[in-house]
Amino acid sequence: MTDFPQGFRWGVATSAYQIEGAVDADGRGPSIWDAFGAVPGAVAGGDTGAVACDHYHRVPEDLALLGELGVDAYRFSVAWPRILPTGAGRVEQRGLDFYRRLVDGLLERGIEPFLTLYHWDLPQALEDLGGWRSRDTAQRFAEYAVVVHDALGDRVTKWTTFNEPYVSSIVGYGEGRHAPGAREGHGSLAAAHHLMVAHGLAVQAMRGTPGHEFGIVLNQSPSTPVTSSEADVAAARRHDLLLRRQFTEPLFAGRYPDDYEETFAGVTDLSFRHDGDLELISTPLDYVGINYYYRQHVADAPHRDPDPATRTSIDVGIDTTRLPDVPRTAMNWPVEPEGLTQTLVGLKERYPDLPPVYVTENGCVYPDNPGFVDQERIEYLRTHLAAAHDALTAGVDLRGYFVWSFLDNFEWAHGYKHRFGLVHVDYETLVRTPRASFHWYRDLVAEQRAGTAAAG
Ligand code: GBH
């Protein structure tokens, strides 16, 4: 592996609901994912995050593993329902104590905490009031952010507001594949906007401590038309708007996308946009995190719902299942590392004032081999790191890279079937076993830190 710059941050990532379990411990309130997991058919195999990796009770063991891995940084999320069990009002000190112990354990090992405030686990009490459809939730989020920032701001300097607001809004409120499982066009677009407002409010409320940095994490990948036909090119553009530009244009250009209204036909009620929102949303950031997994191939297609009377405004006539003849992972995700270079370089070209970038997630799923020799994962990570390096060479200010994930975990609507970890977790015994990729990454990080990486 070619040398990365000195100071480049090497990390691994997780999120609260996917690993913690202990959903009733220490006064935690229910989240939308607890409720969604109880809906028959919502999550594969009827799986829930009730136990997950039981990380909540196994922090010392997991910290020891992170120490052995030798990473510079650990990206994790705070569960809002542990801090404010009903979303607002009473603060649960035991929840804050848990994250304080985690952060202290990281700092003792020289691992920098990258804290995410929201990785999809909204307190159910706020969903009952409308969830992200409601602008009030943005205000509640900013209050929650200040509580966590006041409690941990003496120890944590990297503050991420949201992980992939696209998934929280469009997948959760529009497609219904994620919690809260709603299928609303207008509601999901309102949710998307309110998440951005919440981001701006929270950053402005937390700002002020010297040395603290604020950012957001976005799913990004090129939307590639399957043919060069006008129809497929237009479909790819609609797809890119739905998944990415409705977030990046306000964030990094301070404007709404010009094709928003024509694409989301029927969204005539834009009253969720208030004067001053764009200034709020485009508040300058210190970094942006990019989650990259695969390149998307987009074709023009009929609407999913043929009836315009019942069709939602996000049913924009696209098909993303026509994949080229390239290798796939066990989740059927295409393996195209050059898509990562294209993503990073493309963002920088589109937004010249883009803040410094981290790849905050990248990883894959393959079936396990005896002895957990996951050569395919090593190959995936190696080629994607080379692609990230190409972006550096092309002038992108890339500051770090996080593998998704440190541990196998609850893969949302897929349940426990798909394993992303450098560390295997046996869900019966909860025993952790490092895979070959863990040792490979450990050696890579050590070499890079010593600056002794061999070329190639
Ligand atoms: C991430 O979600 C999550 O942050 C994490 O919790 C999860 O476990 C992990 O990935 C693995 O699934 O990339 O814009 O072309 C990612 C879910 C959302 C994957 C959007 C791919 C395709 C759109 N994804 N997506 S894009």
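A polar contact is a pair of N or O atoms within 3.5 Å; within protein, one must be able to donate a hydrogen and the other to accept it, and residues adjacent in sequence count only if both atoms are side-chain atoms. This is a predicted model, in which local features need pLDDT of at least 70 and side-chain atom pairs count only at pLDDT 80 or more, while totals for chains, interfaces and linings use all residues. Residues are numbered from 1 along each chain as its sequence is written, and side-chain values use heavy atoms, with hydrogens and water left out.

**Ligand site**
- Ser221 has a polar side-chain atom 3.0 Å from an oxygen atom of the ligand.
- On its own the ligand has 570 Å² of accessible area (Shrake-Rupley method, 1.4 Å probe), and the protein covers 93% of this.
- For both Gln18 and His119, a polar side-chain atom lies 2.8 Å from an oxygen atom of the ligand.
- Around the ligand there are 20 residues (a heavy atom within 4 Å), of which Gln18, His119, Arg244, Glu361 and Glu411 come nearest.

**Ser169**
- Helix α8, residues 165–175, contains Ser169; helices are DSSP runs (H or I, at least four residues) numbered from the N terminus.
- Ser169 counts as buried because its relative accessibility is 0%, where buried means under 20% relative accessible area with a 1.4 Å probe, protein chains only.
- A polar atom of the Ser169 side chain lies 2.8 Å from the backbone oxygen of Pro165.
- Beyond its neighbours within four places in sequence, Ser169 is in contact (heavy atoms within 4.5 Å) with Gly174, Ser188, Ala191, Ala192, Leu195 and Phe247.

Definitions and conventions
Helices (H or I, at least four residues) and strands (E, at least two) are DSSP runs, numbered from the N terminus. Buried means under 20% relative accessible area, exposed over 50%, partly exposed in between (1.4 Å probe, protein chains only).
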